[in-house]
Amino acid sequence: MSVESDVQAGAHAAAEPQAAAAPAPNPALLGLITFLPSGVTLGLWFLGYLDTATLPGGMVPIVSLSAGLFLLISAVWAARVAANTVAAIFGVFSAFWLSFGLLLTGLTAGWWGVTDAASVASVQRTYLLSFTLVFILLTLATLRLPMAFTAGFVFVDITFVLAFLGVSTGNTGLFPVAGITTLIFCAIFAYILFDGFAQDLGGRPMPMGSALVK
C-alpha cells in the first residue's frame, strides 16, 4: 500500500463518526421515581386525605413495595457501581419505608402484642426519634452535595421532627404541617429526578445550587 493510499485511508477513518459513549449508570433514576409515590402518599396521609383512624394500614402496600423494595434494589445497584454515598442514602430510605410498612402492619394486625394507645404511642415515638436522628446525621454528612439535595433532606428532617412532636405531645395540628413539608421534599426530589432524566437523554444539567461545604 502506498503512502498516498495510507493517508486517504486515515482521512476516511477520521471522517467516520465516533460511536456514542454509553450513558453512565444512574440508580438515582429508579430510586427517586419509585420513592415519589410513597412520599406523596405519606404527605396526603398527614393531610388527612387517608383516614388514619379507620385506615391506618392503607399505606402498607405502597410504602413497602414501591419505595421500600425498589429503593433497596437501587441501593444494591448503586453499591455495585461504587456509588457509595448514593447506596447509603437509598439504603437508609429503604430501611425506613420497609420498617414503616412492617410497623403499620404489625400494629394494625396486633402482631407485636401492642394494643393500648399509650403503648402504641411509645413505640411510634421511639421509631420516629430514631429515624429523625439518622436523617439529621445524613443531612449533615452530605453537605458537599449540591444545594437541591440538602434542601430536600432538610425538609425530610422537618417532617420527622413534626411527626415526632405530634405523636409525643398529642398535638394533631402538627400533622397537616408535616404533610405540607412532605410534599415540599417530594417536589424537590421530583426536580432532581427530572434533571437526571434530562441528562440521561442528552439534555443539559438543570441548576442544583452550590454545595454548602466545599
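Author: Start with the helix label. A helix here is a DSSP run of H or I of at least four residues, and a strand is a run of E of at least two. With those terms, the chain reads α-α-α-α-α-α-α along the sequence. It has seven helices and zero strands. Keep in mind that this is a predicted model.

Reader: What makes serine 64 buried or exposed?

Author: The cut-off for buried is under 20% relative accessible area. Serine 64 has 15% relative accessibility, so it counts as buried. The residue lies in helix H3, residues 60-80. Leaving out residues up to four places away in sequence, serine 64 touches Leu69, Trp97, Leu98 and Gly101.

Reader: Which class does threonine 159 belong to, and how do you know?

Author: Threonine 159 has a relative accessible area of 2%. Buried means under 20%, so threonine 159 is buried. The residue is found in helix H6. Setting aside residues up to four places away in sequence, threonine 159 touches Phe46, Ala178, Thr181, Thr182 and Phe185.

Reader: What about alanine 82: buried or exposed?

Author: Exposed needs over 50%. Alanine 82 has a relative accessible area of 54%, so it is exposed. Alanine 82 is found in the loop between H3 and helix H4 (84-109). Its phi is positive, about 65°, although the residue is not a glycine.

Reader: How do you describe two packed helices?

Author: By the angle between their axes and the distance between the axes. Take helix H2 (residues 27-46) and helix H7 (residues 174-200): they pack at about 160°, with axes 8 Å apart. Angles over 145 degrees count as roughly antiparallel, so H2 is roughly antiparallel to H7.

Reader: What is the hand of the H2 and H7 crossing, and which residue classes make up the contact?

Author: The crossing of H2 and H7 is left-handed. The residues of their contact divide into 19 nonpolar, five polar and one charged.

Reader: What makes H5 and H6 parallel or antiparallel?

Author: H5 and helix H6 (residues 147-169) pack at an angle of about 160°, with their axes 9 Å apart. The antiparallel class takes angles over 145 degrees, so H5 is roughly antiparallel to H6. H5 passes H6 in a left-handed crossing.

Reader: Which residues of H5 meet H6?

Author: Among those in H5 are Ala121, Leu128, Phe131, Phe135 and Ile136. On the H6 side they meet residues including Phe153, Val156, Phe160, Phe164 and Val167. By class, the contact of H5 with H6 has 15 nonpolar, four polar and two charged residues.

Reader: How many residues does the chain have, and what share is buried?

Author: Buried residues make up 36% of the 214 residues in the chain. The chain exposes about 11,700 Å², and carbon and sulfur atoms supply 71% of that area.

Reader: What share of the contacts joins residues 24 or more positions apart?

Author: That share is 71%, taken over contacts in the chain with a separation of 6 or more. A contact here means heavy atoms within 4.5 Å.

Notes
Residues are numbered from 1 along each chain as its sequence is written. This is a predicted model: local features need pLDDT of at least 70, side-chain atom pairs count only at pLDDT 80 or more; totals for chains, interfaces and linings use all residues. Side-chain values use heavy atoms; hydrogens and water are left out. Buried means under 20% relative accessible area, exposed over 50%, partly exposed in between (1.4 Å probe, protein chains only). Axes are lines fitted to C-alpha atoms, for helices over the stretch in contact, and angles run from 0 to 180 degrees between N-to-C directions. Angles under 35 degrees count as roughly parallel, over 145 as roughly antiparallel, 65 to 115 as roughly perpendicular and the rest as oblique. A crossing is left-handed if the near helix is turned anticlockwise from the far one by less than a right angle, and right-handed if clockwise. Ala, Val, Leu, Ile, Met, Phe, Trp, Tyr, Cys and Pro count as nonpolar, Asp, Glu, Lys and Arg as charged, and the others, Gly among them, as polar. Accessible areas come from the Shrake-Rupley method with a 1.4 Å probe; for residues, only the protein chains shown count as cover.
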